[in-house]
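Please look through the structure below with the confidence values first, and then the packing of the helices and the core.

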Amino acid sequence: SSLSVAEGEVDFAARYIAAAPGNPSPWNYLRGVVEPLGYSAVPRVRLLCEGLLAGDAASGAGRVAAMSLLVDVLDEGGDPAEQERARSLCDSLEDLDSLREAYWQWRRSRVGAQQPTSPYAQ
């Protein structure tokens, strides 16, 4: 099934994330594999993000990548408490990823919307 394939791909990406948390490629790959199925279908993604954020391994770009993905994971379920946490993560990301401060403000405003449509979509 596509779910078992996705879970294998999550393991694959997780190995590369563990080796270099700041490398955006495995994070983007992970997002691309799991997003079409829904993050709730593959709970390991949330565990991966939470685990990295709880440890000392993620700093700088790795921390930003884990928090960014976790925003999407928390927002997907529609739970108000989790969406509030997603907004809080966006607040933190404004400081951690100040180059994209306006993006994180926009992303926070989209938490709870059906789809976080790109600000560049027409």
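The mean pLDDT of the protein chain in this predicted model is 89, and 89% of its residues reach 70 or more. Among the elements of the chain, the lowest mean pLDDT, 92, belongs to helix 1 (residues 2-19), and the highest, 97, to helix 6 (residues 101-110). Where pLDDT is low, the predicted coordinates should not be read in detail.

Two packed helices are described by the angle between their axes and the distance between the axes. For helix 2 (residues 24-34) and helix 4 (residues 61-76), the axes come within 10 Å and cross at roughly 10°. Angles under 35 degrees count as roughly parallel, so helix 2 is roughly parallel to helix 4. On the helix 2 side the contact is made by W27, L30 and R31; on the helix 4 side these residues meet G62, A65, A66, S68, L69 and D72. By type, the residues of this contact comprise 5 nonpolar, 2 polar and 2 charged.

The contact leads on to the core. The largest nonpolar core has 29 residues, and W27, L30, V34, V45, L69 and L70 are those with the most contacts inside it. At least two residues of this core come from each of helix 1, helix 2, helix 3 (44-54), helix 4 and helix 5 (80-96). Helix 4 supplies the largest share, 9 residues.

L69 links the two topics: this residue of helix 4 takes part in the contact with helix 2 and is listed among the core residues with the most contacts. Setting aside neighbours within four places in sequence, L69 is in contact with W27, L30, R31, Y39, V45 and C49.

How values were computed
Residues are numbered from 1 along each chain as its sequence is written. This is a predicted model: local features need pLDDT of at least 70, side-chain atom pairs count only at pLDDT 80 or more; totals for chains, interfaces and linings use all residues. Side-chain values use heavy atoms; hydrogens and water are left out. Axes are lines fitted to C-alpha atoms, for helices over the stretch in contact, and angles run from 0 to 180 degrees between N-to-C directions. Helices (H or I, at least four residues) and strands (E, at least two) are DSSP runs, numbered from the N terminus. Angles under 35 degrees count as roughly parallel, over 145 as roughly antiparallel, 65 to 115 as roughly perpendicular and the rest as oblique. Contact means heavy atoms within 4.5 Å. Ala, Val, Leu, Ile, Met, Phe, Trp, Tyr, Cys and Pro count as nonpolar, Asp, Glu, Lys and Arg as charged, and the others, Gly among them, as polar. pLDDT is the predictor's confidence in each residue, from 0 to 100. A nonpolar core is a set of buried Ala, Val, Leu, Ile, Met, Phe, Trp, Tyr and Cys residues joined through side-chain atoms within 4.5 Å. Buried means under 20% relative accessible area, exposed over 50%, partly exposed in between (1.4 Å probe, protein chains only).
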